[in-house]
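I opened the model to look up a few things and kept notes as I went. The entries below follow the order in which I checked them.

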Amino acid sequence: MITVQNLSKTYADKAVLTEASTRFPAGRVTSLIGPNGAGKSTLLMLMAGLIKPSQGAAFFEGKEVSEIPVSDYAKKVATLRQTPGFSMRLRVNELVAFGRFPHTRGLLNTEDRQIIDEALEFLSLEHLSDRYIDELSGGQRQMAFLAMTIAQQTPVLLLDEPLNNLDMKHAVQIMQALRRLSDEQGRTVILVIHDINFAANYSDQIVALKSGRIQFEGSVTETLTEERLKGLYELNFEIIDSERGRVCNYFTPHTGV
Ligand SMILES: Nc1ncnc2c1ncn2[C@@H]1O[C@H](COP(=O)(O)OP(=O)(O)OP(=O)(O)O)[C@@H](O)[C@H]1O
């Protein structure tokens with residue numbers, strides 16, 4: 001379980017996250033939503049231990065994240081950063097093998113190879129296994145990085161915009177995979193996501209940020225309402241519930257004008 005308490009981050013006197021306190025339920029999918037610059041990635045990176053808080057703390061199983069040795073934390077929490085840069089010429093399966101590093105320190109055994117194959121299979125990437133990363137499309141590369149994160153086999157995954165560069169079919173495939181990680185394997189998934197409709201249909205929990213503060217949080221039905229979304233994004237929404245799920249329509253905010 002990850003919790004944050006009075007968590008704040010300031011850059012040169014500019015507060016980008018202010019007194020955030022919340023808990024992320026174990027084994028569930030939580031989406032961090034909100035407009036550009038709201039502080040979503042900052043909150044995720046603080047939980048990942050990749051940046052230090054100015055005030056307050058993030059906790060993993062009751063221990064302050066900044067006090068957990070990096071090598072131990074990497075076995076518990078895997079992080080996929082936004083647009084990960086990678087200049088080395090690597091094949092997809094070699095990239096995914098990096099996910100095993102916290103466990104193996106580089107020496108892969110048969111079990112590691114199996115886990116790598118399973119991560120590729122989980123995202124239906126077997127056909128790309130021998131392809132070079134720099135010869136993939138943006139979406140294929142994004143999927144390969146996600147496979148690396150999955151191969152790390154941590155109880156918690158922190159994902160910053162995992163749907164970046166993905167077409168609709170692949171976005172659905174990723175969100176279904178994240179649900180399976182939660183439903184079938186009990187893993188905790190916390191992701192930053194802009195597509196409100198994917199958040200609505202695949203999350204257990206929503207945490208909404210605006211101007212560095214948590215505006216609201218709770219279940220999809222509690223949080224993704226016309227009134228709350230209007231306040232968050234300053235757009236008119238129409239919420240449509242059907243048996244296939246909830247659709248938040250903001251595409252034509254000025255209908256009738
Ligand atoms: N290293 C940094 N130095 C200075 N300011 C930063 C730094 N990192 C982030 N910020 C600022 O913090 C604010 C929050 O950024 P953050 O990336 O957390 O927002 P976000 O909600 O993830 O945005 P987006 O949806 O656009 O990715 C922004 O105003 C950003 O410019």
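Before naming any element, I note how they are assigned: helices (H or I, at least four residues) and strands (E, at least two) are DSSP runs, numbered from the N terminus. The model is predicted, so I kept local features to pLDDT of at least 70 and side-chain atom pairs to pLDDT 80 or more, while totals for chains, interfaces and linings use all residues. Residues are numbered from 1 along each chain as its sequence is written, and side-chain values use heavy atoms, with hydrogens and water left out.

**Entry 1: backbone angles**

I looked for positive phi values. Most residues other than glycine have a negative phi. Ala12 is not a glycine, yet its phi is positive, about 45 degrees. I found Ala12 in the loop between β1 (2–11) and β2 (14–24). Ala12 counts as exposed because its relative accessibility is 80%.

Glu19 is another residue other than glycine with a positive phi, near 45 degrees. Glu19 sits in strand β2, and at 47% relative accessibility I put it down as partly exposed.

**Entry 2: helix α1**

How many of the eight residues of helix α1 are buried? I count seven in α1 (residues 40–47), so this helix is largely enclosed by the rest of the structure. The buried ones are Lys40, Thr42, Leu43, Leu44, Met45, Leu46 and Met47. Just after α1 comes Gly49, with a positive phi of about 75 degrees.

**Entry 3: domains**

I took the domain bounds from an automatic or database domain assignment. It divides the protein chain into domain 1 (1–76 + 154–256) and domain 2 (85–153). Taken over C-alpha atoms, the centres of domain 1 and domain 2 are 25 Å apart.

I then checked where the two meet, with contact meaning heavy atoms within 4.5 Å. On the domain 1 side 21 residues are in contact, and on the domain 2 side 15. The size of an interface is often given as the accessible area lost when the parts come together. Here the buried area (accessible area, 1.4 Å probe, that two parts lose on being put together, summed over both) is about 1500 Å² between domain 1 and domain 2. Carbon and sulfur atoms give 66% of that area.

Which elements give two or more residues to the side of domain 1 that touches domain 2? They are β7 (156–160) and α7 (168–183). The most comes from α7, with six residues. I sorted the residues of this side into ten nonpolar, seven polar and four charged. In that sorting Ala, Val, Leu, Ile, Met, Phe, Trp, Tyr, Cys and Pro are nonpolar, Asp, Glu, Lys and Arg are charged, and the others, Gly among them, are polar.

**Entry 4: salt bridges**

My rule for a salt bridge is a side-chain nitrogen of Lys or Arg within 4 Å of a carboxyl oxygen of Asp or Glu. Between domain 1 and domain 2 I found zero salt bridges. Searching the whole structure gave eight.

One of them joins the side chains of Glu135 and Arg89, at 3.1 Å from N to O. The two lie in distant parts of the chain, 46 residues apart: Glu135 in the loop between α5 (110–122) and α6 (138–151), and Arg89 in the loop between β6 (77–80) and α3 (92–98). Glu135 is partly exposed at 44% relative accessibility, and Arg89 is partly exposed at 47%.

Arg179 pairs with Asp183, with 2.9 Å between the closest N and O atoms. Arg179 and Asp183 are about one helical turn apart, because they are four residues apart in helix α7. Are the two buried or exposed? Arg179 is buried at 16% relative accessibility, whereas Asp183 is exposed at 53%.

Arg180 forms a salt bridge with Glu184, and their closest N and O atoms are 3.6 Å apart. Arg180 is partly exposed at 35%, and Glu184 is exposed at 56%. I also noted that Arg89, Asp134 and Glu135 are joined into one network by salt bridges that share partners.

**Entry 5: Leu235**

I placed Leu235 in the loop between α10 (226–233) and β11 (238–242). Leu235 counts as partly exposed because its relative accessibility is 30%. From Leu235 to Lys76 I read 38 Å, C-alpha to C-alpha, and 159 residues in sequence.

Conventions: Buried means under 20% relative accessible area, exposed over 50%, partly exposed in between (1.4 Å probe, protein chains only).
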